[in-house]
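Subject: Structure for you to look at

Dear colleague,

I am passing on the structure we talked about, with my notes on what turned up in it. Please open it first and keep it beside you as you read.

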Amino acid sequence: MEVLRVARPALAASSAPGSRPLRGAPRRLPPGAWRAAGSAPRLRRRLGDLPLTFCAAEKREEVLPPAFEEKDESEVLLPAEAPGSGPCFDEAPEVLGAEGSKGRMRSSTIAATVSEEKHENVGEEKQSRPVIRYNIIFVTAEAAPYSKTGGLGDVCGSLPIALAARGHRVMVVSPRYLDGVSDEKFANAVDTGCRIKISCFGGQQEVAFFQEYRAGVDWVFVDHLSYHRPGNPYGDVYGAYGDNQWVFPTWARTHALDPGKSVNLLKGAVVTVDRIVTVSQGYSWEITTPEGGYGLHELLNSRKSVLNGITNGIDVGDWDPASDQHIQFHYSVNDLSGKVKCKMALQEEFGLDVRPDCPLIGFIGRLDMQKGTDLIMMAMPELMKEDIQFVMLGSGDAGTEQWMRTAESIYRDKFRGWVGFNVAISHRITAGCDILLMPSRFEPCGLNQLYAMRYGTVPVVHATGGLKDTVENFNPYANEGSGKGTGWAFSPLSKDSMLKALNLAIRTYRDFKPSWEGLMKRGMSKDFTWDNAAAQYEQVFGWAFIDPPYVR
Ligand SMILES: Nc1ncnc2c1ncn2[C@@H]1O[C@H](COP(=O)(O)OP(=O)(O)O[C@H]2O[C@H](CO)[C@@H](O)[C@H](O)[C@H]2O)[C@@H](O)[C@H]1O
């Protein structure tokens, strides 16, 4: 099976930053030009012809779709195909499975080409600084606000905008999910009129493309009947969809012992792409170890020289305690008074005793082994002996959902669980809690700890992946006793070490108020903007153009 064809022309090999684009004069297109005003953008060129960056944000794979074709054949940004070289999808993407050894597997793929370059004069010395403008395509299973089940949606909804704001031409390609409930999210996306046929599900399937230009980005939505059904992108009340990519549906299996596992698309990407990016540096190292690589560590090790980690940013407009539309009271690092009001409002909303001094611990996330919810369940009887309150928001594993309901009835005065996916409540928990608990087994980056810090909510996390990179352990003795750090990162991953970290946090909250305020303020003052990450992605794109293509 050919997952990606990366047969590339000399363009990519020699378009190093600072050099001139190779093929003719660069054409400047205004943002949104992909809309191909008045006509459908014709989609023909393949992603396989572009430098590819695989962003292992998570591990469920997306078949790399074919790319698009620019309307103007004089466009120099993409390698030209022979005129009339066939339909857009002249090679059917094979929707096959991957060996999912754990959890859900998701990913996004980024392709970039150089479109133009110019030189800016910087400072009084009039130094020349080359600024490269890239054409960037994200191919993703989720992009907020159109679709989101977790952090992938957040990242693919924000990073493209941050890159566009830095002057790049950015397109995001994602499915047009119509679930009958939130279809209006796609209301502004117009039908481009473009139709193509792909071989799939044992026949020729017609696929359409919708498009919206927003926030400097072209959002292209792939439309097919299989995306029109109730439920989320990966499953419904009956469980995961039978036609998901990572497992063959039962009817397609070849014999009784065939478990449905098949070609590993993630591996295919790792083997062929020019650059691999994970969403934190820590995680990029972890996946090269037997513990973190889940069978792919040797392969990833062999590609270590092109493996990078870039810590995610957050949408600081959406997640701002000074203006958040989902919370009743507002606050900032200079005036924290609104935070305790948010806490009291949350206690009231959840039917807990309104006790501003009682440590309130929160958890938000998918109920999944990845998130360490089993550890929370194990530790709850001991934790509930403390004078604390605990609120938990999440959906996923049915057994954990049921456990949340049971825990609520057992610990009536201390525990509340909200089963479901609710963005407004996630904001209110982030603002109202004192402590956010994230005992993730593994965590490529993690966003909730970043949101928490921005809201003055102190994270207690397992020291893994991006959590370890972003949460700095509290040291009360540093800086002449004024303290250092933004939370607690515990290790190993055990009930006891988690409880120890939580107890330290609870004690600090209760007995060392100035230290607690220092923790809050240091977290709130961190720079989590996407611009920082976007600048690092630019650097990776630059490296991709310097190197010769990995696969020709
Ligand atoms: N029940 C619920 N109701 C409302 N909102 C909910 C919710 N459950 C989760 N969310 C939201 O979904 C997002 C979860 O993001 P995370 O990064 O914490 O985890 P996730 O594992 O989904 O992301 C994966 O991708 C991201 C992005 O790269 C990585 O940070 C991460 O490590 C990786 O596992 C947050 O915005 C959170 O608030």
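In what follows, two residues are said to be in contact when they have heavy atoms within 4.5 Å. Please also bear in mind that this is a predicted model.

The protein chain is divided into domain 1, which covers 132-247, domain 2, which is made of 255-313 + 529-551, and domain 3, which covers 336-528. I looked at the meeting of domain 1 and domain 2, where twelve residues of domain 1 are in contact with 13 residues of domain 2. The C-alpha centres of these two domains lie 22 Å apart, and between them the domains bury about 1100 Å², with 68% of that area on carbon and sulfur atoms. On the side of domain 1, the residues that lose the most area to domain 2 are Tyr134, Leu159 and Arg166, which together account for 49% of what that side buries.

As for polar pairing across the interface of domain 1 and domain 2, the rule finds two salt bridges, and it also finds four residue pairs in polar contact, with both residues at pLDDT 80 or more. The elements that each supply at least two residues of the side of domain 1 touching domain 2 are strand 3 (127-140) and helix 2 (151-165), and helix 2 gives the most, with five residues. Sorted by class, that side of domain 1 has eight nonpolar, three polar and one charged residues. Arginine 166, already mentioned for the area it loses to domain 2, has its side chain in a salt bridge with the side chain of aspartate 531, at 2.9 Å from N to O.

Turning to the structure as a whole, it holds 19 salt bridges. One of the pairs is arginine 176 with aspartate 223, whose closest N and O atoms are 2.9 Å apart; this pair links distant parts of the chain, since arginine 176 sits in the loop between strand 4 (169-175) and strand 5 (190-200), while aspartate 223 belongs to strand 7, 47 residues apart.

The count of aromatic pairs comes to 17. Tryptophan 488 and tryptophan 516 have ring centres 6.3 Å apart and ring planes at 25°, and therefore the pair is stacked. Here too distant parts of the chain are linked, with tryptophan 488 in strand 17 (residues 488-490) and tryptophan 516 in helix 14 (residues 513-524), 28 residues apart.

Finally, some points about the backbone. The peptide bond from alanine 144 to proline 145 is cis, with omega near 5°, and proline 145 is found in the loop between strand 3 and helix 2, the two elements named above for the side of domain 1 that touches domain 2. The peptide bond from serine 491 to proline 492 is also cis, with omega near 0°, and proline 492 has its place in the loop between strand 17 and helix 13 (495-511). Alanine 215, a residue other than glycine, has a positive phi near 55°, and lies in the loop between strand 6 (203-214) and strand 7 (217-223).

With best wishes

Technical notes. Residues numbered from 1 in each chain as written. Predicted model: local features only at pLDDT ≥ 70, side-chain atom pairs only at ≥ 80, totals over all residues. Heavy atoms only, no water. Domains from an automatic or database assignment. Buried area = accessible area lost by both parts, 1.4 Å probe. Salt bridge = Lys/Arg side-chain N within 4 Å of Asp/Glu carboxyl O. Polar contact = N/O pair within 3.5 Å; in protein donor to acceptor, adjacent residues only side chain to side chain. Helix = DSSP H or I, 4+ residues; strand = E, 2+ residues; numbered from the N terminus. Nonpolar A, V, L, I, M, F, W, Y, C, P; charged D, E, K, R; others polar. Phe/Tyr/Trp six-rings, centres within 6.5 Å; stacked < 30°, edge-to-face > 60°.
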